[in-house]
Structure formats: C-alpha cells, structure tokens
Amino acid sequence: FQAIDVDTIESELAKRLEADRAAVDRLSALPEPTFETLMMPLERGDEATGRWFQPIAHLHNVRDEPKLREAYAEAVEQLTDFGTWVGQHAALCAAVK
C-alpha cells in the first residue's frame, strides 16, 4: 500500500482504460470471434485493471484523507464511464451474438 501514489491514480487509470478501450475496439472487429479470441482477452484486460484498482479501493476504505477520497471518486467515475461505454459498444454486442 505504500507504493500507491495518490497523485498518479487518475492518470494511471486513464492509461489503463485507454488500452482497454483499444482492446475492445480491436477485438470487436474480429471477423469470426470465438470465446477464446474475444471474451478471454477482454476478461484478462478487465481482470488486470481490477487487480490494479483493488488495493486503491481497499486503501480508500481504511484511510480517510481528502486527497485519496478525491482520487478514488474520480477513478470510480472513470470506471463507471468505461463500463457504460463497453455496455453500449455496438460492435462488441454484435460480436458477442
């Protein structure tokens, strides 16, 4: 937990979500997607972002300081926006069908 730099949470998450968005776009354009070629890579990316964020979420729950609260709130907003974007991604929905 000491390795968490509150000042870089927002920018690091933005980089991760940018890579995740690119992966969704790339994978949803596969000509003949399968579970292994579409869903597994998406799941790995989502899992990696989640593993990165979990210590931050835990720290937010046990250490109450304004700077961390602000960074956490912004991160949750970014994650929510990303989840909404994925859920409305037409090409991804078509590929999953």
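Colleague: What do buried, exposed and partly exposed mean here?
Modeller: Buried is under 20% relative accessible area, exposed is over 50%, and partly exposed is in between (1.4 Å probe, protein chains only).

Colleague: Okay, is Asp81 buried or partly exposed?
Modeller: Asp81 has a relative accessible area of 43%, so Asp81 is partly exposed. This is a predicted model: local features need pLDDT of at least 70, side-chain atom pairs need 80 or more, and totals for chains, interfaces and linings use all residues. Numbering starts from 1 along each chain as its sequence is written, and side-chain values use heavy atoms, without hydrogens or water.

Colleague: Where is Asp81 found?
Modeller: In helix α3. Helices are DSSP runs (H or I, at least four residues), numbered from the N terminus. Leu17 is 64 residues away along the chain, yet the C-alpha atoms of Asp81 and Leu17 are 10.0 Å apart.

Colleague: Which residues does α3 bring to meet α1?
Modeller: Asp81 is one of them, and Leu68, Phe82 and Trp85 are among the others. From α1 come residues including Ile9, Leu17 and Val24. Contact means heavy atoms within 4.5 Å.

Colleague: New topic. How many residues has the largest nonpolar core?
Modeller: It has 13. Val6, Ile9, Phe53, Leu68 and Ala75 have the most contacts inside it. Such a core is a set of buried Ala, Val, Leu, Ile, Met, Phe, Trp, Tyr and Cys residues joined through side-chain atoms within 4.5 Å.

Colleague: Which elements give two or more residues to this core?
Modeller: α1, α2 (35-62) and α3 do. Helix α3 gives the most, with 5 residues.

Colleague: And what does Phe53 touch?
Modeller: Tyr72, Ala75, Val76 and Leu79, leaving out residues up to four places away in sequence.
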